[in-house]
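Hi,

Here is the structure I promised to pass on.

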Amino acid sequence: MTDGFRRFAGTDRYLTSPALQAAVNCALALERPLLVKGEPGTGKTLLAEAIANALGARLLTWTVKSTTRAQDGLYVYDTVQRLYDSRFGDGDVRDIRRYIRFGPLGEAFRSSERVVLLIDEVDKADLEFPNDLLHELDRMRFRILETDEEVEARARPVVVVTSNNEKELPDAFLRRCVFHFIDFPDRELMARIVRVHHPRLDESLTRQALDIFYQLRELTRLRKRPSTSELVDWLAVLKSAGVKELELDEALPFVGALLKREQDLLVFHESLAAGRRPRA
Amino acid sequence: MFVGFLYELRRRKVPVGTQEAVALAQALEAGLHDSSLDGFYEVARALLVHNEAHLDAFDQAFLAHFKGLEDAANALVAELLGWLEQAAAREPTERTPEEEAALAALEPEALRALYTQRMRDQERSRREANGSADAEARARQGTGSLGVAGDAAEGAGGRRGAMKVADARLYRGYRDDRVLDTRSLGVALRKLRAFQREGAFDELDLEGTIDATARNAGELEVILRPPRKPSTRVLLLMDVGGSMRPHAHLVNRLFSAARKATHFRELRTYYFHNCVYGSVYRTEGFGEPVSLAELLSDCGPAWKLVLVGDALMAPYELLLRAGSQGHYRPDGVEGIVWMMQLATHFERSAWLNPEPAASWWSPTIRTLRSVFSMFPLTVEGLGDAVGHLTRGGVRKGPVLAR
């Protein structure tokens with residue numbers, strides 16, 4: 001089969017499911033942004049790194065905050081600096097170009113080779129934020145009003161957008177994206193993920209850890225259920241502390257690495273003190 | 001070929017349109033689906049679904065549309081293989097031109113390898129489906145199917161057949177017509193916000209600064225302005241007791257989501273039973289009454305009024321006359337008139353009804369619907385209600401800058 005592009009199949013550090021591979025390949029082939037949703041800690045952000053690694057491209061990250069505006073991603077016209085310079089006479093203030101600072105999206109467009117652009121946690125920003133980016137992501141170009149210059153992407157960047165579902169995203173934005181919802185990994189995939197991160201970990205310890213991990217996730221009263229990243233961290237701690245045997249009881253070593261909220265720890269202790277296995 | 005499937009999706013309320021159809025066609029043209037049903041499932045899901053709430057409907061549509069197709073496709077491939085092999089077995093001189101061309105284009109070896117792998121994949125997924133109890137037992141022991149000697153086809157990474165995945169309905173929990181949990185309520189309520197500049201002058205007003213500096217002949221003059229703060233005020237009136245008992249759990253969730261929402265400037269909650277008569281109550285047990293006149297003078301028309309109730313009652317209760325203390329008085333005002341007073345006082349109001357919309361034919365619901373815009377108490381309904389509350393009529397606060 002002759003493909004016009006290199007297919008993404010995960011990397012040796014990042015394991016994927018067929019569904020995720022299909023979504024990434026669709027995004028690459030159709031040159032559309034890839035929107036990734038899923039529980040926190042399921043590797044949404046790492047996916048962009050993995051894609052960048054697999055393509056051998058540079059990764060640009062734009063971490064969205066509640067105050068981020070779409071304009072910030074394109075460019076910022078540093079008027080204050082220009083005013084300051086005009087007042088105190090540093091440099092040539094007539095050249096506006098000196099005062100245009102490009103944001104991550106602007107950088108991605110200007111880059112001469114294809115880059116991977118990660119727009120992280122797009123739902124953190126204002127509701128209108130994704131709509132403001134529609135045109136730029138669609139046409140991959142924008143205009144700098146101050147200098148009347150057009151910036152056009154030389155190589156369409158691969159755009160990965162992540163969302164934690166704090167806000168609904170606008171329909172018009174969704175329609176332009178390839179969508180993937182990262183499921184929580186099943187046991188089998190999780191065992192492979194663990195092996196990637198801790199290749200020399202004792203087989204029986206891994207098994208016990210996974211048992212306990214999935215039992216903890218089944219505790220219905222937890223506010224924040226432990227996820228992949230917590231499991232990997234926990235195993236790292238266990239390994240360096242030289243733990244050989246694990247059993248689910250109140251003295252579970254380093255449980256703080258798995259459960260981060262005080263109430264969750266209370267729930268954990270209560271359900272174990274009540275003498276029943278946290279099955280429900 | 002897949003157009004019928006798109007209509008199947010639309011019937012199940014998955015919003016797909018031309019844009020999705022074109023994208024899918026492009027993807028298929030690029031061969032992203034590897035000419036298999038499983039591949040098609042993954043590709044179609046990535047391109048046609050934009051929200052995890054629709055994944056379940058997608059799975060169902062996929063099942064309904066493609067069930068039985070897999071076996072038919074396999075039979076076709078088997079037939080083709082048989083034909084090719086017969087042709088290959090014969091002397092080259094005895095082959096027909098078509099057979100010759102087909103043999104040149106397709107390599108029976110490669111085709112057979114692909115076919116056996118597909119069959120093996122399918123067989124495994126069927127085995128898994130049948131012996132799921134067995135698989136579960138293995139999983140509990142912790143070996144998973146990883147311990148099983150991996151054959152070559154396993155390289156795809158625990159691939160499960162599309163039909164099986166679709167059938168498992170893993171995404172049922174994400175449907176948005178389901179009734180809500182606190183978090184999804186919180187998400188829906190987030191849209192109900194607006195900002196206004198207020199408070200201390202501690203934010204740099206860039207435009208103002210440039211303007212003032214220019215006027216000042218280039219001497220830098222810094223202009224400050226107050227930061228943006230949330231300005232939405234919400235008045236929540238909840239019907240409790242009687243026919244609302246079965247919905248108490250749901251209403252509690254709405255309540256806790258509203259309390260947790262940090263983007264409201266102010267949130268007030270009062271209770272009533274069936275209909276508002278002159279007064280509402282601060283506690284669930286109808287204690288600490290607040291007269292409606294008092295309430296309306298406290299809460300200006302810009303407040304967003306949200307009523308929660310099933311609007312189910314005996315019709316006479318809407319016409320019951322009551323005085324401003326909320327007690328029966330022959331010369332008082334009818335319940336429905338008190339309600340209309342509420343509706344006219346506030347610029348924006350919405351009624352959330354936990355009863356399913358299909359049962360809104362009851363006379364009292366119909367009457368109250370003519371007074372308030374009514375929405376079902378589901379994620380979708382709450383979203384619509386919030387949209388209704390924010391649309392138009394939103395008063396903008398005075399901008400204090402400059």
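A definition before the strands: two strands pair if DSSP finds at least two bridges between them. Helices (H or I, at least four residues) and strands (E, at least two) are DSSP runs, numbered from the N terminus.

Some housekeeping: this is a predicted model, where local features need pLDDT of at least 70, side-chain atom pairs count only at pLDDT 80 or more, and totals for chains, interfaces and linings use all residues. Residues are numbered from 1 along each chain as its sequence is written, chains are lettered from A and ligands numbered from 1 in the order in which they are written, and side-chain values use heavy atoms, with hydrogens and water left out.

On to chain B, which has 17 helices and 13 strands. Of its 402 residues, 44% count as buried (under 20% relative accessible area; exposed is over 50%, partly exposed in between, with a 1.4 Å probe and protein chains only).

Strand E9 of chain B (residues 304-308) is mostly covered, with five of its five residues buried. In a regular strand the side chains alternate between the two faces of the sheet. Here Lys304(B), Val306(B) and Val308(B) are buried on one side, and Leu305(B) and Leu307(B) on the other. E9(B) pairs in the parallel sense with strand E5 (residues 233-239) of chain B over five bridges, and Leu235(B) has Leu305(B) as its bridge partner. Strand E12 (residues 348-353) of chain B also runs parallel to E9(B), joined by five bridges; there, Val308(B) is partnered by Leu352(B).

Then there's Thr269(B), in strand E6 (residues 266-272) of chain B. Thr269(B) is buried, at a relative accessible area of 16%. Leaving aside neighbours within four places in sequence, its contacts (heavy atoms within 4.5 Å) are Leu236(B), Met238(B), Phe255(B) and Arg282(B).

Last, a helix pair. H1 (residues 3-11) and H4 (residues 55-66) of chain B pack at about 135°, with axes 9 Å apart. The axes are lines fitted to C-alpha atoms, for helices over the stretch in contact, and angles run from 0 to 180 degrees between N-to-C directions. H1(B) and H4(B) are therefore oblique to each other (under 35 degrees is roughly parallel, over 145 roughly antiparallel, 65 to 115 roughly perpendicular, and the rest oblique). On the H1(B) side, Gly4(B), Phe5(B), Glu8(B) and Leu9(B) meet residues of H4(B) including Phe58(B), Ala61(B) and Phe62(B).

Cheers
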